[in-house]
Amino acid sequence: ARAQVDEMARGAQRKQDLVEGQDAEHKLTYLKGAMMQYMLTGASDTTQKEALMRVIATILHFSPQETQRIQAKIAEAEATAASSGLGSVWGMFSAPPSSD
């Protein structure tokens with residue numbers, strides 16, 4: 001029960017931090033840019049994706065446990081995709097090939 005209360009308090013603080021205060025617009029713009037870059041980064045550029053994940057986790061004030069869960073899920077999905085020959089699960093967020 002205590003963990004749920006703590007998580008709810010963290011969630012409320014995240015929301016307040018992102019949408020209120022004098023730099024709220026700047027934070028949302030930065031978050032948007034980080035998310036766009038993450039989604040447009042090629043699936044094979046795992047170093048860039050990992051760096052962007054850390055930026056997003058920082059902006060959203062993820063706890064160390066939340067960050068670890070995300071990193072584990074990304075690693076699991078990448079390993080599964082690589083072993084099945086389908087490529088990265090994150091490939092769906094990669095930029096489409098140019099038709100030039």
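Analyst: Happy to! Rings of Phe, Tyr and Trp count as a pair if their centres lie within 6.5 Å. This is a predicted model, and a search of the whole structure finds 0 aromatic pairs.

User: What makes Lys 49 count as sitting over the ring of Tyr 38?

Analyst: The label asks for NZ of Lys within 6 Å of the ring centre and within 35 degrees of the ring normal. The charged end of Lys 49 is 4.3 Å from the centre of the Tyr 38 ring and sits over that ring, so the distance falls inside the 6 Å limit.

User: Why is Thr 67 called buried?

Analyst: Buried means under 20% relative accessible area. Thr 67 has 16%, so the label buried applies. This residue belongs to helix α4, residues 64–84. Setting aside neighbours within four places in sequence, Thr 67 is in contact with Met 53, Ala 57 and Phe 62.

User: And why is His 61 called partly exposed?

Analyst: Its relative accessible area is 39%. The label covers values between the 20% and 50% cut-offs, so His 61 is partly exposed. You will find His 61 in the loop between α3 and α4, and its phi is near 55°, a positive value in a residue other than glycine.

User: How do you know that the span of α3 is close to the expected one?

Analyst: The expected span is 1.5 Å times one less than the number of residues. Helix α3, residues 46–59, has 14 residues, for which 20 Å is expected, and it reaches 20 Å from its first C-alpha to its last.

User: Which residues of α3 are buried, and what puts them on the same side?

Analyst: They are Lys 49, Leu 52, Met 53, Ile 56, Ala 57 and Ile 59. These residues cover an arc of only 155° around the axis, so they lie on the same side of α3. On the other side, Thr 47 and Thr 58 are exposed. As background, an α-helix has 3.6 residues a turn, so residues three or four places apart point the same way.

User: What makes up the largest nonpolar core?

Analyst: A core is a set of buried nonpolar residues joined through side-chain atoms within 4.5 Å. The largest has 10 residues, among them Leu 31, Tyr 38, Leu 52, Met 53 and Ile 74. Helices α2 and α3 each supply at least two residues of this core, and the largest share, 5 residues, comes from α3.

Note on methods
Residues are numbered from 1 along each chain as its sequence is written. This is a predicted model: local features need pLDDT of at least 70, side-chain atom pairs count only at pLDDT 80 or more; totals for chains, interfaces and linings use all residues. Side-chain values use heavy atoms; hydrogens and water are left out. Helices (H or I, at least four residues) and strands (E, at least two) are DSSP runs, numbered from the N terminus. Buried means under 20% relative accessible area, exposed over 50%, partly exposed in between (1.4 Å probe, protein chains only). The arc is that of the directions from the helix axis to the C-beta atoms. Contact means heavy atoms within 4.5 Å. Rings of Phe, Tyr and Trp (its six-membered ring) pair if their centres lie within 6.5 Å; planes under 30 degrees apart count as stacked, over 60 as edge-to-face and the rest as tilted.
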